[in-house]
Every structure is written in structure tokens, then in C-alpha cells.
Amino acid sequence: MKLLVCVSKTPDTTTKITFNGDKTQLDTTGIQYIMNPYDEWYALVRAIELQEAEGGSVTIINVGGAENDSIIRKGLAIGADAAVRIDTESGSSLDVAKQIAAYAKDQGFDIVFFGKETIDYNGSEVGAMVAELLEMPFISYASKLEMNGDAATINRDIEGGTEVIEVATPFAVSAAKGMAEQRIPNMKGIMTAKRKPLEVLAPVATTDFTHVVSYEMPSAKSAVKLIDPENMDELVRLLSEEAKVL
Amino acid sequence: MVLVFAESVNGKFKKAAFEAVTYGYQTAQLMGLSCAALVLGKAADAGELGKYGAAKVHHLANDQLNNLDSQVYAAVIAAAVEQLGAQVVVLSHTSTGKSILGRLAVRLDAGSVPGANALPTYTDGVFAVSKPVFSGKAFAHIAITSPVKLVSIMGNSLPPAIVGDAVAVTPLEVPVPASRIKIISVSRIEGTTPLPEAELVVSAGRGMKGPENWGIIEELAKELGATTACSRPVSDVGWRPHHEHVGQTGITVRPNLYIAAGISGAIQHLAGVNSSKTIVVINKDPEAPFFKAADYGVVGDLFEVVPRLTEAIRKHKQHA
Ligand SMILES: Cc1cc2nc3c(=O)[nH]c(=O)nc-3n(C[C@H](O)[C@H](O)[C@H](O)COP(=O)(O)OP(=O)(O)OC[C@H]3O[C@@H](n4cnc5c(N)ncnc54)[C@H](O)[C@@H]3O)c2cc1C
């Protein structure tokens, strides 16, 4: 099976987020970047497991500049066979999707994997976009994926429940918790990753239909009101009369 | 026209659909447009959406549309947008809406904002809308410049408001392509409100010491009519089911009230809950980081405080 895993880089959750003077851009100084956890822990690892069980290859693709190579190498160290980076600073999800689709369309991938969303823009859009561009079925929020021949049985998380879906390859899928367990790259993986191919390709031209006008920080929380643990009637009164949530 | 895709689940509309129509109606008012709703598959009482501001309700009652296939839904919605001449399309930011939005952006060659949390602004012809980014640490105000604009809205972003009467339902005719997926089964936990939709949430963490102690949490939730949630380590070790895990790697919630007992408030936990309107933290450690994100704090032993709170709520309900 030929598997493609789309990976994104995102600021580590513990990094402090600040913006430049006119609040139109993220201030990237001092930001620690990681591979988006859903891409790494669930999508990539499940693809590698399938490759181990059924043969074939796992390619990872990232849209971004050369500074992303460390994240791509980590994906190779975890177990992907090859990597592609489309060399552009993307301005929108639609652009990212078009770059990925332009590369993938003639490659004959059986499954295209995504994480369920990125933890920076939390958009959850790229998977659906790529699926539409490649005219593939798309199963989102998959918490389980089993192959039987050319078909997959997938559990999809929905609000308060689960859907079980059968779909034949080729298809696209976005991975949520449950799909696989995180893998830490070992020394051998890290060493071989250095020799695995990382192809850098030029972007295709696209048009952006969205742009960030400004960023804003949430209004500062007022200090916590401490309530006497003996007096829960007072808490209930505040929740009812002040917060008006009861 | 502002066209709202109003999701139905098992033929019924949930709060997300009413919120979306209210959002579409208010957006239409702002832009001097009319608002219409689009309903796919089995749906009783589609005309009721008129009450929330849909001047017209277009219904395509094809059984193939009773469950989501994002490919089929996107083809049908895009055809409806073109047939009806919609300029703005509003979806709910649910597992359904999120699976369709990106496809629509491709089909309609349109800009999209996923997960808006407030009404758009529309000044000098510029349409822009805010959404939380960096797991709730900031908001981005994003302009959409394409002729058709796509927005999905987060649950609990604005209260559904009744502004009129039910309307007659207009049948919609657009081609429905064949599906390439097969839905084997759909199971939903009955009785409780799913976490992403819950207005009241009671959550507990490792401070509970073991799964056998969860009775006090369930009682508090029952008394409130709340949905239960938990921190990640608690679901990782199997004390609670995975679907209760909230936070960066679990479910994001934004209820009106989030009560956290025995949870320290790690940044990855806060990422999933910090958009809650009111946060109550019960923790025996006054230095627990969660108190910094809380509106109300109780420093004390949860095994004493939680039952006391349940009792206080019971009393409050009797008086109300
Ligand atoms: C990449 C990554 C992603 C993560 N994603 C998530 C996520 O999605 N969600 C998540 O929750 N975590 C996540 N975590 C884990 C997170 O960092 C914390 O470890 C976790 O949230 C801690 O869970 P807890 O608060 O239940 O436990 P603890 O941190 O152990 O806190 C228990 C708390 O209970 C209090 N307590 C103990 N006994 C009592 C008592 N009798 N009465 C009152 N209070 C008491 C203690 O004072 C303490 O504050 C993630 C971590 C990483 C690295």
C-alpha cells in the first residue's frame, strides 16, 4: 500500500503566544515548534503500522520552509520511508491543500492521512479540502482503522457516539485519539532518518481568499473569587445571581 | 442571500441548528440580505426553522442523505448554493460541518473560516469574522474576500432567538451523486448531552484517587443536569471512558459552567476548557495552576466539598 501522511508544524502548547506591534502576525521569536500531535501520534503511527503489516511505503508531506526539516526528519525517524516538502510559506488552508493535492494527484496513494486538526489554527479543514481536490471519500475523526483487502473499516467519532464506516481505497482519513499510540523515535530510527530521501519541490501558484486582519488576546480574567469550602450555598448563590449560569 | 445548512440528527434538529439559523439571520440583517435554511435527508418540522429567522426553508428529503458522506453532502450543498445564489454559507462547527466546510471551499472556490465564535463584521464591504486560535490563547479576526463566503460556527457562540413564525417548506431539487462509503452502524449514547454540546460540565481528575470514587461526581452532574468529563491521565488509565477526556488532545468544550474537581489545570488541559464562560475549581492545593484560570475557587478536600455542593444545589432548586 502506498500511504501519504500530511504533517504540519505547530507551536508547542506550552509556548507563550504573542503578536507583533500591529497585531497582524505571530511573533515567532522564542517559539518552540513541534509536529502537530494528531499528525504525529495518530496519523503517522497508524500509517507506519499498516506499512509494517501489509508492506508498501509511507511518505510524509509538509508544506513549509527549510526550518521544517527537523520536524520532517523526526517523522522519518519514527518510521516513514520518504518525505516531500513543498517549499512555500503558506497563507491559508486552501493553499496548503492545493500544494498537497498538486503533488499527490498522480502518485496513486491508497490512503492520505491527516491529523484531526492542528493545535494552532484548530481549523480541521485541510483534510476535507485535499479529499475534494483528489475526489476521494474522506472519513474524519477516525479513532480506529482496520484494513481488509482493499477496503477499510473505520470508527468515526461523532458527538456523543461512533459511526462505523466501510470505504474502499483510495480515500482520505483524519486521525483522532485511539487510532494509534505515540511512538518515540529510537537511536536507530534517528540515524537512518538522516539517509532517507527528503525531496524539496517548488509550489504551484494559488490564490488566497482569506487573510488575518488582526489578532487579539482574550480579555484578562479577573482574579479568582475564593469561596469558603464550608459554605457551598454561597457558591451556588454566586453561580445563580452573579454568573447567571444556574 | 445567507444560506444556513441546518443539521438534523435522526430527523430532528438540535440546538446547533437553531444557533446556526440565528447566526445566519443576524448576519443577513447586518449585510442587508435575506436568510434561508437548507435541510438534507429525513427531517420533521423543517418549517420550524422559520421561527429562528429563515425566510425560506429548502428541503431535499432524499434517504441517501440521512447519514453524512462529506463528498455527497458537499456536492449537494454546493449545487444548492449555486442554484439559490447564496453569498454567505453558514454551517455548524460539528463533526458534520467540519467535514464539509473544506470541501465546499474547494467546490465553490471560496474562502472559509472554521469555528467562528462571534457574528461577522461587515464594514466598507469587508466581511471578517473572529475565531479562537492557539487552543483558545488568542483570537484571529479573518477577512474573506471571495464572492461566496463560508463560515462554520462553534456551539454556544450565541443564544438561539425566536424572531418569527414557522414557514412552509420548499422542496429542493439538485442531483445527489452516488456515495462511495458504506455506513455500517451509528451508535449514540442516549440520555446525556454530548460534551461538545453541553452547557454544564462537571469534570474530575487524578485527585479522585480511583474510579470507585466517581459516584460523588455523577451525583453532582445529575443534580445539575450536567455532562461528566475528565482529565487525560484519568482516561489513559481507564478510570473513565475516552469520550470524557477533555483538553488539547481530547475534546474541546465551551460550556456556560465548567466545574473541575481534583484537576491541577495543566496548560494542555486548559487548552480544551478555557473558553468556558464560568469556571469553578475545587482543589486542596491553593497553588494549583487551575485557580489562575478560574472564576470561582474552593480550596478544600473534594471528597467533602463536592457532596456539599450537590446538597446546596438541591436546596437551591427546591427554593427556585
Ligand atoms: C502533549 C501533551 C498533551 C496533553 N493533553 C492533555 C489533555 O488533552 N487533557 C488533559 O487533561 N491533560 C493533557 N495532558 C496532561 C497534562 O499535562 C496533565 O498531566 C494532566 O492534565 C494532569 O491531570 P490531573 O489534573 O487530573 O492530575 P494531576 O496533575 O495529578 O492533578 C491532580 C490534582 O488533584 C488535586 N487533589 C488531589 N487530591 C485532592 C482532594 N482530595 N481534593 C481536592 N483536590 C485534590 C491535586 O492538588 C492536584 O492539583 C497532556 C500532556 C502532554 C505532554
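A polar side-chain atom of B:H245 lies 2.9 Å from an oxygen atom of the ligand. The model is predicted: local features need pLDDT of at least 70, side-chain atom pairs count only at pLDDT 80 or more, and totals for chains, interfaces and linings use all residues. Residues are numbered from 1 along each chain as its sequence is written, chains are lettered from A and ligands numbered from 1 in the order in which they are written, and side-chain values use heavy atoms, with hydrogens and water left out.

| Protein atom | Ligand atom | Distance |
|---|---|---|
| B:H245, polar side-chain atom | oxygen | 2.9 Å |
| B:Q248, polar backbone atom | oxygen | 3.0 Å |
| B:T249, polar backbone atom | oxygen | 2.8 Å |

On its own the ligand has 990 Å² of accessible area, of which the protein covers 80% (Shrake-Rupley method, 1.4 Å probe). Elements of chain B that give two or more residues to the shell around the ligand are α5 (232-236), α6 (267-270) and α8 (302-319); helices are DSSP runs of H or I with at least four residues, and strands are runs of E with at least two, numbered from the N terminus. There are 27 residues around the ligand, and B:S231, B:S264, B:Q268, B:H269 and B:N283 come nearest; a residue is near if one of its heavy atoms lies within 4 Å. The shell divides into seven nonpolar, 14 polar and six charged residues, where Ala, Val, Leu, Ile, Met, Phe, Trp, Tyr, Cys and Pro count as nonpolar, Asp, Glu, Lys and Arg as charged, and the others, Gly among them, as polar. Because residues from chains A and B surround the ligand, the site is shared between chains.

The largest nonpolar core has 56 residues, and A:L4, A:V112, B:L40, B:I100, B:L104 and B:L150 touch the most other members. Such a core is a set of buried Ala, Val, Leu, Ile, Met, Phe, Trp, Tyr and Cys residues joined through side-chain atoms within 4.5 Å. Buried means under 20% relative accessible area, exposed over 50%, and partly exposed in between (1.4 Å probe, protein chains only). Helix α2 (residues 70-84) of chain B gives the most to this core, with eight residues. A second, separate core of 40 residues includes B:F13, B:F18, B:V90 and B:V129.

A:L239 lies in helix α6 (residues 232-241) of chain A and counts as buried because its relative accessibility is 1%. Not counting residues up to four places away in sequence, A:L239 touches A:K244, A:V245, A:L246, B:L257, B:T278, B:V280 and B:Y296 (contact means heavy atoms within 4.5 Å).

In helix α4 (residues 126-133) of chain A, six of the eight residues are buried, so the helix is largely enclosed by the rest of the structure. The buried residues are A:G127, A:A128, A:M129, A:V130, A:A131 and A:E132. A:E135, which follows α4(A), has a positive phi near 55°.

Most residues other than glycine have a negative phi, and most peptide bonds are trans. A:S124, in the loop between β6 (111-115) and α4 of chain A, has a positive phi of about 65°. For B:S135, phi is near 50°; B:S135 lies in the loop between β9 (126-133) and β10 (138-144) of chain B. A:S124 is buried at 11% relative accessibility, and B:S135 is buried at 11%. The peptide bond from A:T169 to A:P170 is cis, with omega near 0°, and A:P170 is found in the loop between β9 (161-168) and β10 (171-175) of chain A.

Notes. Polar contact = N/O pair within 3.5 Å; in protein donor to acceptor, adjacent residues only side chain to side chain.
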